Amino acid sequence: MNIMVMGTGKVAESLLMRISESSCVNLFVSGRNEERLTYLSKKFHTHITYPQNFLQIPLDLVFLAVNDDVISEKAKFFFDCSAVVCHLSGAAPLNSIPEKLKHRAVFYPLQTFARPQGVNWDEIPVFTQFSSERSKLILEHFSKIIRVNTYPTSDEERIKIHLCAVWINNFTRLIHLKAKMLCQEWKLNFTYFLPLILETHTIISETVEDLPLTGPAARGDFKTLQNHFECLDSNPEDLELYKILSQYIYRLTKDKSVKS
Ligand SMILES: NC(=O)c1ccc[n+]([C@@H]2O[C@H](COP(=O)([O-])OP(=O)(O)OC[C@H]3O[C@@H](n4cnc5c(N)ncnc54)[C@H](OP(=O)(O)O)[C@@H]3O)[C@@H](O)[C@H]2O)c1
């Protein structure tokens, strides 16, 4: 297969790494950052290519590994090419690749790529969509080559999967960052919390069936909560967020105890 990855960011790097492990693929990379292009082409033995040469390569599959907002614009480079053109976004609809391209697809890997080379593709569920029988055939063949587990989806379902991923990954990271900022403000050593962070994530992955809530709000320890509110007195935004989350935990645990 002749495959091109357009973009030189995090997902592009991880995808190139996985594809380059397969011997039956000719791999091309394109992008606007020359330094990253050179790095990726050396690392994964890919050919660097530019828009003026796209039509000279008999491409089977193109991945638009670019920001969601520029998917439509970048897809236009392939209007005169028979390749299946595919994006990797959790949120952009299939038709963000213009319908002028008959063979469109989505290949959304449900994972965070903050460490592009640390990602284990064996474990990632990849959500797929197709505009034609040909795009389905090519993408399914590709998925077998790189050995990933795919699941058919729709625009409506995929955006919801993406939104849940934001709660799980992005918001969790924000909460950790907030704690780190408070540690800095109060001159506490953030590394004290590393065993707690590790144990929290172990517990979450081991109790996915019911994900029990804990802490002062879950116990209904109002005096402790009041003391926490006072610590945040000088920071109204943090105080408001802390109260909203605590009230939410309290309501959820109360609802559960009513049910049981
Ligand atoms: N990151 C994740 O965890 C994750 C997970 C699943 C799916 N995705 C999806 O994967 C896709 C790529 O995300 P990413 O995380 O790899 O993003 P990224 O690391 O920020 O890389 C984005 C790439 O798009 C290029 N780009 C942006 N605007 C451009 C423009 N106007 N013209 C040409 N190139 C442009 C950037 O070039 P420069 O470097 O020159 O700016 C860069 O190569 C997105 O659709 C995203 O939704 C991401």
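What share of contacts in the protein between residues at least 6 apart in sequence join residues at least 24 apart? The share is 55%, where contact means that two C-beta atoms, placed from the backbone, lie within 7 Å. This is a predicted model: local features need pLDDT of at least 70, side-chain atom pairs count only at pLDDT 80 or more, and totals for chains, interfaces and linings use all residues. Residues are numbered from 1 along each chain as its sequence is written.

Start with the overall form. The C-alpha trace spans about 70 × 40 × 30 Å along its principal axes. The radius of gyration, taken over C-alpha atoms, is 23 Å, while a compact globule of 260 residues would have a value near 18 Å. That globule rule is 2.2 Å times the number of residues to the power 0.38.

Next, the secondary structure. There are nine helices and eight strands. These are DSSP runs numbered from the N terminus: helices are H or I of at least four residues, strands E of at least two. An open sheet of eight strands runs β3-β2-β1-β4-β5-β6-β7-β8, with mixed pairing. Strands pair if DSSP finds at least two bridges between them. β3 (47–48) and β8 (149–152) stand at the edges; each has a single partner strand, so one side of each lacks a neighbour in the sheet. Strands β1 (residues 2–6) and β4 (residues 61–64) pair in the parallel sense over four bridges. Met6 has Leu64 of β4 as its bridge partner.

His87 lies in β5 (residues 84–87).
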